[in-house]
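Got your viewer open and a cartoon view on screen? Load the model below, and let's walk through it one selection at a time.

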Amino acid sequence: MSQVRANGIQVPTNPDNFTNLTTDLATMADTSNVVVKVASSTAQNALTKVAGLVTTRTDLPGSPIQTCDGTNFAQQQVPKVWANNPHVGSASNLLTNLQSGAYVPIIQCGTIVCTTDANGYSNFLFPQAFPNGVMFWVGMNADDVATGTKVFITQGSANATLTTAYFNAWIAGGTQYASQSIRLDYIAIGW
């Protein structure tokens with residue numbers, strides 16, 4: 001025979017009168033790192049309130065994470081983000097949406113080999129499209145030995161889109177790094 005705890009973990013009942021198995025396992029289950037999906041504050045408040053119980057409110061924009069302190073549920077703090085003219089996406093409520101948890105900051109990074117055109121321009125695709133916008137991205141030459149020189153990366157022929165970053169490659173002295181391959185390390189932040 002078993003019982004199902006509020007967070008969905010199933011624990012057995014006592015096999016006999018000589019153990020505290022149910023109490024011990026129930027405590028372990030109640031405090032395990034499981035995120036419980038709830039569809040309303042009513043469903044959330046019906047849970048056994050144990051300090052550290054983590055829920056996600058599917059009825060709220062962005063399904064924010066909320067943690068119980070033993071009495072009440074409070075939304076997790078999200079990173080503070082300040083934005084001025086993000087390149088892509090609706091920026092009118094960006095700051096409010098990021099700080100409220102309606103948008104979650106997304107960081108993508110990697111290394112990629114690109115070939116520049118005759119003017120030193122190129123682009124690459126992000127591993128995953130950003131769903132709402134791109135705040136910025138930055139790249140750098142990842143292999144000075146292979147290129148044989150310092151190569152500098154600047155804004156390309158267009159602003160980043162939800163799927164693509166554009167750049168222009170230059171070598172010292174202001175000469176475009178034209179029709180060449182370059183290994184690029186990058187990081188992009190969006191939402």
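Start by selecting strand 9 and strand 13 (residues 181-190): seven bridges join these two, and they run antiparallel. Strands here are DSSP runs of E at least two residues long, numbered from the N terminus, and two strands pair if DSSP finds at least two bridges between them. For one example of facing residues, pick M140, which stands opposite D185 in strand 13.

A quick word on what you are looking at: this is a predicted model, where local features need pLDDT of at least 70 and side-chain atom pairs count only at pLDDT 80 or more, while totals for chains, interfaces and linings use all residues. Residues are numbered from 1 along each chain as its sequence is written, and side-chain values use heavy atoms, with hydrogens and water left out.

You have an open sheet of three strands in the order 7-13-9, with antiparallel pairing. From one strand to the next, the twist averages 20°; it comes from axes that are lines fitted to C-alpha atoms, with angles running from 0 to 180 degrees between N-to-C directions.

Next, click on I182, in strand 13. Is I182 buried or exposed? I182 counts as buried, because its relative accessibility is 1%; the cut-offs are under 20% relative accessible area for buried and over 50% for exposed, with partly exposed in between (1.4 Å probe, protein chains only). Show what surrounds I182: beyond its neighbours within four places in sequence, its contacts include I112, V113, C114, F167 and Y177, where contact means heavy atoms within 4.5 Å.

For a contrast, go to I107 in strand 7. I107 is exposed, at 57% relative accessible area. Select I107, F136, V138 and I187 together and you have a nonpolar surface patch of about 340 Å². Patches take residues with over 30% relative accessible area and no salt bridge, joining like charges within 9 Å and nonpolar side chains (Val, Leu, Ile, Met, Phe, Trp, Tyr) within 5 Å. A salt bridge is a side-chain nitrogen of Lys or Arg within 4 Å of a carboxyl oxygen of Asp or Glu.

Then slide to S179, in the loop between strand 12 (175-176) and strand 13. Most residues other than glycine have a negative phi. S179 is not a glycine, but has a positive phi of about 50°. S179 is partly exposed, with a relative accessible area of 48%.

Last stop: the other sheet on this tour. Four strands make an open sheet in the order 3-4-5-6, with mixed pairing. Strand 3 (35-38) and strand 6 are at its edges, each with a single partner strand, so one side of each lacks a neighbour in the sheet. The twist here averages 35° from one strand to the next.

Within it, strand 4 (residues 54-57) and strand 5 (residues 65-68) run antiparallel, joined by three bridges; T56 stands opposite I65. Strand 5 is also joined to strand 6 (residues 73-75) by three bridges, again antiparallel, and T67 stands opposite A74. Finish on G70 in the hairpin of strand 5 and strand 6, which has four residues between the strands: G70 takes a positive phi near 110°.

How values were computed. Accessible areas come from the Shrake-Rupley method with a 1.4 Å probe; for residues, only the protein chains shown count as cover.
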